[in-house]
Amino acid sequence: MDQSHPGRLAGHGNPWGFSRSFAVSRRCPQGGVLSLLLWCLFVNELIARLNEGGVYSQDYADICLLVVGKFPNTVSGLIQWNLNTVEVWCDELGMSVNPDKTGLIAFTRRRKLPGFFEPRLFWTTLHRSMSVKYLGVNLDSRLTWKEHVVAKAEAQNLMWACRMAYGATWGLEPRVDNWLYVSIIRPSVTYTSLVWWPGCQTASTKKKLSRAQRLASLEITGAMGTTPTSAVGALICLPPLQLVVLSEARSVAHRLWSLGCWSYLHPSREHCSILMRLQQSDPISNMRVDVMRLAFNLEPKYRVTMLTREDWTNGTGAPPAIKGLVWFTDRSKMREGTGAGVYGQSVGRRLSFPLGRYATVFQAEIYAILACVHEIQAQNRSEKYVSICSDSQAALKALQAVRTTSPLVLQCQRALNNISTQYAVGLFWVPGYAGV
């Protein structure tokens, strides 16, 4: 208490003159707003301790400890040492771990592991099993993915659950049935397909996956049970399920590679070969996507002004805010491809850039502004102000934003900050199709 001011807490205006503290005695509610953040803050110290103990630790919904070694006795010793670390951490914070929900598996092709002893956790021996389930993925000791594919092929049970909502002459429409399968059931099958796609390349697993999709196809179309699976799938544009799994795996692998998170491409790791096959068969796959990790532009040296249509149409000429070197940017996308254009009104300069077939309209808008900045740098004129006008509010708001996940937007922001050391740069919105 602050003795100089009775009835007030030190440093706080507490008119009641008392305070109370409570100790948390219950778990955080599942799905709570702060539960995830509090858990990350709480378990961070344990993860740091484990990673210093010769293991690789990951924490998602459950904690995973991965120990790699050549000798079984060394591996089991490291496991026991880190389990002891978990016990010490739990005793320090008054926590507990349920050994019955803790799985132990050895990923090896050996039949026997001489010298391997089963570790103990809180006086309970952890027995080695041939398969475990982690984050919804069934892992077997040889990583054949047979159990996981069988579990995923049971997606037909979900279709039977939806079957109660419609019949041959009543209930949901076929388009709604198709949406249920494509948006709910099929994503549950392709979940984590990047790691288990090699398991669906055999004839037996393809047959299991085909059986799961056949039920959905018949229910969507109302076709007779004797209709061939390939025919009914082609009728409603449903590709074979094993091809969908392969497509999802390729998409994830390419996205991770574009983000710089694909740390190795080793032929001996079968699930990693998917990206090598993709890049060899399709040169377009060597192109990176316009996505990156979150980056920040905290102190932009340029300003973005969203003028109104009346600012441009009322009166003659440009609004008073447009001064100095005036540049206009635009883009166009047609069947033949995408292009960007730059027009320097003050210097009478016209530039156009073909961007191929794969650039989006948004990317073309950003590239036009970036090309305009490079042209201003190349001319190196003595004017004090630079005004860049664009009719894309999306592009201007992206350049104005503090956070970005686009490499092209980040490059343009940095270029604008660079020329802002020499000019007072302003970006302005100009209405399209207004005769400006």
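This is a predicted model: local features need pLDDT of at least 70, side-chain atom pairs count only at pLDDT 80 or more; totals for chains, interfaces and linings use all residues.

Colleague: Which residues of α2 are buried?

Modeller: Pro72, Val75, Ser76, Ile79, Gln80, Asn82, Leu83, Thr85, Val86, Glu87, Trp89 and Cys90.

Colleague: How many residues does α2 have, and how far does it reach?

Modeller: Helix α2 covers residues 72–93, which is 22 residues. From first C-alpha to last, α2 reaches 32 Å. That is close to the 32 Å expected at 1.5 Å a residue.

Colleague: What follows α2?

Modeller: Glycine 94. Its phi is positive, near 70 degrees.

Colleague: Switching to α3 and α7. At what angle do their axes cross?

Modeller: Roughly 15 degrees. The axes of α3 (residues 146–153) and α7 (residues 203–221) come within 9 Å.

Colleague: Parallel or perpendicular, then?

Modeller: Angles under 35 degrees count as roughly parallel, so α3 and α7 are roughly parallel to each other.

Colleague: Is the crossing left-handed or right-handed?

Modeller: Left-handed, as α3 passes α7.

Colleague: Which residues make the contact?

Modeller: On α3, Val149, Val150 and Ala153. On α7, Thr205, Lys208, Leu209 and Ala212.

Colleague: How do the residues of that contact divide?

Modeller: The contact of α3 with α7 has 5 nonpolar, 1 polar and 1 charged.

Colleague: Now α5 and α9. Where do those stand, parallel or perpendicular?

Modeller: Roughly perpendicular. The axes of α5 (residues 174–190) and α9 (residues 241–258) cross at roughly 70 degrees. Angles of 65 to 115 degrees count as roughly perpendicular, which is why α5 and α9 get that label. Their axes come within 10 Å.

Colleague: Which residues meet there?

Modeller: Tyr181, Arg186, Val189 and Thr190 in α5 meet Leu241, Val244, Val245 and Glu248 in α9.

Colleague: And by class? What does the contact of α5 with α9 have?

Modeller: It has 5 nonpolar, 1 polar and 2 charged residues.

Colleague: Zooming out. How many helices and strands are in the chain?

Modeller: The chain has 14 helices and 14 strands.

Colleague: What share of the residues is buried?

Modeller: 36% of the 436 residues in the chain.

Colleague: Last one. What about contacts between residues at least 6 apart in sequence?

Modeller: Of those contacts in the chain, 63% join residues at least 24 apart.

How values were computed
Residues are numbered from 1 along each chain as its sequence is written. Side-chain values use heavy atoms; hydrogens and water are left out. Axes are lines fitted to C-alpha atoms, for helices over the stretch in contact, and angles run from 0 to 180 degrees between N-to-C directions. Helices (H or I, at least four residues) and strands (E, at least two) are DSSP runs, numbered from the N terminus. Angles under 35 degrees count as roughly parallel, over 145 as roughly antiparallel, 65 to 115 as roughly perpendicular and the rest as oblique. A crossing is left-handed if the near helix is turned anticlockwise from the far one by less than a right angle, and right-handed if clockwise. Contact means heavy atoms within 4.5 Å. Ala, Val, Leu, Ile, Met, Phe, Trp, Tyr, Cys and Pro count as nonpolar, Asp, Glu, Lys and Arg as charged, and the others, Gly among them, as polar. The expected span of a helix is 1.5 Å times one less than its number of residues. Buried means under 20% relative accessible area, exposed over 50%, partly exposed in between (1.4 Å probe, protein chains only).
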